[in-house]
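Subject: Structure for you to look at

Hello,

Here is the structure I said I would pass on. Please open it beside this email and follow along.

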Amino acid sequence: MTVIYLDESGELGFANGSSKFFVIATLATNNAKRLKNRVRKAKKKILDAGWPIEEEIKGTSLFGCQRRYDLSEEFKKNRDLHIENFLKAVLFDEIKIHYSIVRKSHITDNIRQAEYGIAYNFFTGKLLTRSYNHFEGSIDLIVDQRNKETHHKLPFDGYIKTQIIGECGHSERFSISHMESHDVVGLQAVDFISWSIFRNYEHNDDRFFKMIQPYVGFCDNWYAEK
């Protein structure tokens, strides 16, 4: 069985000041229990160092913590180390990362002008079908239910299931769950992955991206030249 956690970074809007890139990332594993145990230990170290227990640990908030007044100078000084240690917990031999990187300026007009949600479904479906040969057995896909790019008028689940079953010939169990990230360690893990990839392309900062590269199985590159 393969468990896939999915997250995105950036946005698919085209307003002034919006991101240049959009990232969809998946973290796939056949040992979700080991992932859970490793990430929980990494989170405990960050909490013990002073991170507020009531606040979810996310890549973007941890990286931007130097602007906060409720954290010690020692914690803020070691922010990169905290991120690196978290990523080390996520990255082990029984996980594989697949991601789609989209340069938004090159999105075709038909996708750009389509009803809200179509672009997200399209790029997610392409990523999952093109990386399908890395998955084994039944599939549990877990998505953050607060994902701002989905839309109730354009059902995500039906589209993705149609792609996986129709395009890939998948015949075993395939489930999709929309869950709160603060309740699912795997979603917290893939948040750091998508953030690291986004930071590499959007800000030309590859410090954390270099860590995950050895674990990348498939990159769906949509005009992502820098």
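Predicted model: local features only at pLDDT ≥ 70, side-chain atom pairs only at ≥ 80, totals over all residues.

Strands of a sheet pair through backbone hydrogen bonds, either parallel or antiparallel. Here there is an open sheet of 6 strands with mixed pairing, and the order across it is β5-β4-β1-β2-β3-β6. The edges are taken by β5 (174-179) and β6 (216-222); each has a single partner strand, so one side of each is left without a neighbour in the sheet. From one strand to the next, the twist averages 15°. β1 pairs with β4 (residues 139-144) in the parallel sense, over 5 bridges. Leu-6 has Val-143 in β4 as its bridge partner.

The pocket. The largest pocket holds about 460 Å³ of space. Its lining counts 22 residues, and those nearest the centre are Glu-8, Ser-9, Gly-10, Thr-60 and Asp-191. At least two lining residues each come from β1 (2-10), α2 (59-63) and α8 (185-203), with α8 giving the largest share, 6 residues. By class, the lining of this pocket has 10 charged, 8 polar and 4 nonpolar residues.

The cavity. How many cavities of 30 Å³ or more are there? The count is 1. The largest cavity has a volume of about 30 Å³. Its lining consists of Ile-4, Leu-128, Phe-135, Ile-139, Leu-141, Ile-164 and Phe-174.

Regards

Technical notes: Residues numbered from 1 in each chain as written. Heavy atoms only, no water. 1 Å grid on protein atoms, 1.4 Å probe; cavity = no way out; pocket = protein on both sides within 12 Å on 5 of 7 lines; lining within 4 Å. Points joined across faces, edges and corners; volume = space filled by probe spheres on them. Helix = DSSP H or I, 4+ residues; strand = E, 2+ residues; numbered from the N terminus. Nonpolar A, V, L, I, M, F, W, Y, C, P; charged D, E, K, R; others polar. Pairing = 2+ DSSP bridges. Axes fitted to C-alpha atoms, helices over the stretch in contact; angles between N-to-C directions.
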